[in-house]
Amino acid sequence: MIDELYSARILRLAANLPHSGRLAAPEGTGERVAKLCGSKAVVDVTLDEAGRVETFAQDVKACALGQAAAGVLGEAVMGATLDEIVAARDAMSAMLKAGGEGPTGRFEGLRALKQVADYPARHASTMVAIEATLDAVREAVARKSPDTRTSLAGAA
């Protein structure tokens with residue numbers, strides 16, 4: 001059963017980490033660590049005038065599942081809005097914990113990790129990159145428009 005979890009597709013995704021590294025001048029940075037296994041993601045972003053992700057970099061030290069999720073995220077995040085990332089995170093969480101179908105739209109590739117639902121100890125490592133990205137975008141939005149801090153609380 002563990003062989004199914006670490007399928008060739010998951011391993012290919014894990015090997016491809018788009019936008020690896022850090023930005024020199026990010027508008028927002030997010031960092032998340034999975035306490036159980038130590039998987040870690042640090043994400044830097046800048047946003048365009050419309051609040052969409054314009055530049056993105058990620059430094060991810062995680063297991064193959066965390067790396068695979070980060071790989072999908074890195075391929076899809078450019079141009080994403082805060083609302084899209086919140087929806088993807090919520091759908092990903094529901095997929096892992098409540099039998100949901102998973103993200104749709106630009107983040108639909110995260111459905112490749114659906115089998116992780118059967119391994120609760122792997123949920124946190126699978127979520128570190130998207131959670132760090134969400135934190136980074138929230139910080140960037142808040143910096144661009146300090147009045148948005150109140151509205152960000154609703155997206156938590």
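How many helices and strands are there in the protein? There are six helices and three strands, where a helix is a DSSP run of H or I with at least four residues and a strand a run of E with at least two, numbered from the N terminus. The model is predicted, so local features need pLDDT of at least 70 and side-chain atom pairs count only at pLDDT 80 or more, while totals for chains, interfaces and linings use all residues. Residues are numbered from 1 along each chain as its sequence is written, and side-chain values use heavy atoms, with hydrogens and water left out.

From the N terminus, the order of the elements is α-α-β-β-β-α-α-α-α. Of the 156 residues, 48% are buried, meaning under 20% relative accessible area with a 1.4 Å probe and protein chains only; exposed means over 50%, and partly exposed lies in between.

Helix α4 covers residues 82–98. Its 17 residues should span 24 Å at 1.5 Å a residue, and the end C-alpha atoms are 23 Å apart, which agrees; the expected span is 1.5 Å times one less than the number of residues. Among the buried residues of α4 are L82, I85, V86 and R89. An α-helix has 3.6 residues a turn, so residues three or four places apart point the same way. Just after α4, G99 has a positive phi of about 75°.

A disulfide is counted when two cysteine sulfur atoms lie within 2.5 Å, and the count here is zero. The sulfur of C37 has its closest cysteine sulfur in C63, 5.5 Å away, which is too far for a bond. C37 is partly exposed at 41% relative accessibility, and C63 is partly exposed at 26%.
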